[in-house]
Structures are given as structure tokens and as C-alpha cells.
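This briefing goes with the sequence and the 3D structure shown below. Look at both before reading the points that follow.

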Amino acid sequence: MVAYPFSRLMEIADLIKKYFPSNKTIGCFSRVTDISLKTDEELSALAAAGFDLLTIGIETGDDEALEFMHKGYLSKDIVTQCLRLDKAGIGYNFKSASMSVSGDILNLNGKSAYSVQNLQL
């Protein structure tokens with residue numbers, strides 16, 4: 001949902017406040033690349049409008065796997081965008097999974113793979 005333009009996200013927040021006035025929080029799903037398209041000012045405004053919990057689909061924190069899957073970002077990008085969310089006051093959690101790609105099972109919990117949850121934020 002964060003892929004929507006900033007103005008549309010603010011319209012949605014206004015509609016939620018109008019029709020659900022007792023609602024205090026707005027959560028949604030996001031890709032790392034969606035967050036990177038927002039300015040720091042836009043992220044802060046979204047936080048002020050009630051967006052406070054993103055579920056970020058990261059697949060894995062393993063750069064080799066991310067490149068293999070052509071995700072368009074690396075683990076350092078995940079950390080960078082999460083630090084921006086921290087600064088804006090937007091909470092987040094991760095949705096990740098071991099995946100089967102082109103018939104090859106990527107063992108994301110084995111070899112030297114690591115989890116973004118273990119990276120220094």
C-alpha cells in the first residue's frame with residue numbers, strides 16, 4: 001500500500017479518520033523499494049496521519065539470494081529504509097520466508113545466510 005502516491009495515502013488516512021473517528025492507527029504492507037520512494041518529510045507526515053505499523057516483505061536478508069531473485073534491493077537497503085522509518089516514527093515488522101525459485105530451494109536459514117532481524121539497526 002505504501003506504493004500509492006503520498007497524496008493518495010493522505011486521502012486514505014483522512015477517510016479513515018472521517019468514517020472511523022475512534023481509530024488511532026493505520027497499518028499496511030510495503031516493499032523496501034516503496035519506502036525508498038518517499039521523502040523523509042512524507043514519511044513523517046504519514047506517521048502524523050496515523051500510519052504506524054508497516055509489514056515489510058523482505059524475503060531474506062541474504063544479498064546473494066536477493067540478487068538471485070532480482071528483488072531490486074540488498075540487505076543494506078533494508079537497514080537504510082528501516083532507519084528512515086525509525087526517524088519518522090513509523091513502526092514496522094518483517095515478513096520473510098524461505099522460497100523455492102526456479103525449482104531450486106534456497107536455504108535461507110543455512111550456509112552463511114543471515115536474517116535482517118540480526119543486522120544492526
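**Briefing on the predicted model**

Thr 55 counts as buried because its relative accessibility is 17%, and the cut-off for buried is under 20%. The model is a predicted one.

**Thr 55**

- Thr 55 is part of strand β2, which covers residues 51-59.
- Leaving out residues up to four places away in sequence, Thr 55 touches Cys 28, Phe 29 and Ser 30, as well as Asn 93 and Lys 95.

**Asp 62**

- Asp 62 sits in the loop between β2 and α4, where α4 is residues 63-68.
- Asp 62 has a relative accessible area of 7%, so this residue is buried, again by the cut-off of under 20%.
- Between Asp 62 and Ser 75 there are 6.6 Å in space, from C-alpha to C-alpha, and the two are 13 residues apart in sequence.

**Helices α3 and α5**

- Helix α3 spans residues 40-48 and helix α5 spans residues 75-88.
- The axes of these two helices come within 8 Å and cross at roughly 50°.
- The crossing of α3 and α5 is right-handed.
- On the α3 side, the contact is made by Asp 40, Leu 43, Ser 44 and Ala 47.
- On the α5 side, Arg 84, Leu 85, Lys 87 and Ala 88 take part.
- The residues in this contact of α3 with α5 are four nonpolar, three charged and one polar.

**The protein as a whole**

- The protein has five helices and five strands.
- Read from the N terminus, the order of the elements is α-β-α-α-β-α-α-β-β-β.
- The protein has 121 residues, and 40% of them are buried.
- Among contacts with a separation of 6 or more, 74% are between residues 24 or more positions apart.
- The accessible surface of the protein is about 7100 Å², and carbon and sulfur atoms account for 55% of this surface.

Methods
Residues numbered from 1 in each chain as written. Predicted model: local features only at pLDDT ≥ 70, side-chain atom pairs only at ≥ 80, totals over all residues. Heavy atoms only, no water. Helix = DSSP H or I, 4+ residues; strand = E, 2+ residues; numbered from the N terminus. Buried < 20%, exposed > 50% of the residue type's maximum accessible area, 1.4 Å probe, protein only. Contact = heavy atoms within 4.5 Å. Areas by Shrake-Rupley, 256 points an atom, 1.4 Å probe, with all protein chains shown as cover. Axes fitted to C-alpha atoms, helices over the stretch in contact; angles between N-to-C directions. Left-handed = near helix turned anticlockwise from the far one by under 90°. Nonpolar A, V, L, I, M, F, W, Y, C, P; charged D, E, K, R; others polar.
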